[in-house]
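Subject: Handing over a structure

Dear colleague,

I am passing this structure on to you, and below it you will find an account of what was found. Please read it with the sequence and the model side by side.

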Amino acid sequence: MQRSPADADWMAAAVALAGRGRGRTAPNPNVGCLLVRDGRIIGRGWTQPGGRPHAEAMAIAAAGENAQGATAYVTLEPCAHASVRGPCCTSLLIEAGVARVVAALKDPDPRTDGRGITRLRDAGIAVEAGILADAARAAMAPWWTRRAAGRPFVTLKLATSLDGQIALADGSSRWITSHRARAHVHLERARHEAILVGRGTLEADAPSLDVRLPGLEGRSPQRFVLTRGSAPEGWTAAASPEATGEVHSLFVEGGAGAAAAFLAADRVDRLLLYRAPILIGGGRAAIGDIGLGDLADAHGRWRLSDSRLLGSDRLDVYERTRRE
């Protein structure tokens, strides 16, 4: 069966579905799946909180008998290994009678890694792989980073004035950015497993760091404080940027010292820069010393991936360019 010109469009929709599970599916990847037959969506799914059910299982359940003869668009190769938590997705797809599977990425998990594709083909199902691979990898970046690098995917948030200040000289910082920008920050919190601030920010601001968007209140992340001392009740102490356990996605939100620590350790993968149209002058800088010895070393590290207005504020999103 030949690759369809519509494959990329359907896969883009599957990638969007994968985003719905981001920050909630650990230890499993957040996968999206779309079932299409005769040019119509007959089932869709994404990995559920805690990692089960898988995206394919959700889509097949939604499609029911209509899955027979359909094409499944899935952002990661369907799993081929048995689990006490549920059946493998290759078996579900075979039993559902799908005619074709289009996968964006092969699963690097050695329990699957190509075996899913082989099982599907052995069952007479046509398989295509590699469509929108980069987009799918970006959607699953936290899981991918944890598996490839053994650490969390880190997003650093900075909310500053035009001249790079995060507070007045006396520490006053509420509020630099507008309500719309702060609402966007809450949405980002909901997409991460854990959130971190420095000890100074915790003591000065006593932030709750919860999610206060209607309908998303239950998605508040685990709270870390960067400190070599003890943590207050409800918080977990992290002595260094490497000490956040098995978390897949970490949102670093507060403090020039915390920001500097993660940047100096080269642990920031994504930077959210919210800038309000104000000037402060002699205030407090957004970032402390990151150990930069040569200006030339600062270039070529960041790539602008998004830019938008949030009310009167501007958000610029940068991705760390790495050679891995």
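Does L132 count as buried, exposed or partly exposed? At 32% relative accessibility, L132 counts as partly exposed, where buried means under 20% relative accessible area, exposed means over 50%, and partly exposed lies in between (1.4 Å probe, protein chains only). L132 is found in the loop between strand 5 (126-129) and helix 5 (133-139), and its phi is near 55°, a positive value in a residue other than glycine.

Before going further, please note that this is a predicted model, in which local features need pLDDT of at least 70 and side-chain atom pairs count only at pLDDT 80 or more, while totals for chains, interfaces and linings use all residues. Residues are numbered from 1 along each chain as its sequence is written, and side-chain values use heavy atoms, with hydrogens and water left out.

The overall picture

The protein has 9 helices and 15 strands; helices (H or I, at least four residues) and strands (E, at least two) are DSSP runs, numbered from the N terminus. Its radius of gyration is 22 Å, close to the 20 Å that the globule rule gives for 324 residues, so the protein is as compact as a globular protein of that length; the radius is taken over C-alpha atoms, and the rule is 2.2 Å times the number of residues to the power 0.38. Along the principal axes, the C-alpha trace spans about 70 × 45 × 40 Å.

Of the 324 residues, 48% count as buried. The accessible surface comes to about 15300 Å², and 50% of it belongs to carbon and sulfur atoms, with areas from the Shrake-Rupley method with a 1.4 Å probe, where for residues only the protein chains shown count as cover. Among contacts (heavy atoms within 4.5 Å) between residues at least 6 apart in sequence, 72% join residues at least 24 apart.

The protein is divided into domain 1 (7-141) and domain 2 (151-320), with bounds that come from an automatic or database domain assignment. The contact between them takes 8 residues from domain 1 and 8 residues from domain 2, and the C-alpha centres of the two domains lie 33 Å apart.

The annotated sites

An unreviewed UniProt entry places the feature "binding site" at H54, C79 and C89. These residues span 36 residues in sequence, yet no two of their C-alpha atoms are more than 9.3 Å apart, so they gather at one spot. As a caution, UniProt positions are given in the numbering used here, feature names are shortened, and annotations may be inferred rather than shown by experiment.

H54 is placed in the loop between strand 2 (40-46) and helix 2 (55-63), and at 12% relative accessibility it counts as buried. Leaving aside neighbours within four places in sequence, H54 is in contact with N28, T47, C79 and C89. The side chain of H54 also makes a polar contact with the side chain of R52 (3.4 Å); such a contact is a pair of N or O atoms within 3.5 Å, and within protein one must be able to donate a hydrogen and the other to accept it, while residues adjacent in sequence count only if both atoms are side-chain atoms.

C89 lies in helix 3 (residues 89-96) and, at 1% relative accessibility, counts as buried. Not counting residues up to four places away in sequence, C89 touches H54, E56, P78 and C79.

The "binding site" annotation of the unreviewed UniProt entry also covers A159, W175, T201, D205, G255, A256, G257, A258, A259, A260 and A261. Spread over 103 residues of sequence, they are also spread in space, up to 24.3 Å between C-alpha atoms. Among them, A256 is found in helix 9 (residues 256-264) and touches I166, A285, A286, I287 and G288, again not counting residues up to four places away in sequence. G257 lies in helix 9 and, at 51% relative accessibility, counts as exposed.

Backbone details

A cis peptide bond joins R52 and P53, with omega about -10°, and P53 lies in the loop between strand 2 and helix 2. The peptide bond from A26 to P27 is cis, with omega near 10°, and P27 is placed in the loop between helix 1 (7-19) and strand 1 (32-37).

D38 has a positive phi of about 55° although it is not a glycine. D38 is found in the loop between strand 1 and strand 2, and at 74% relative accessibility it counts as exposed.
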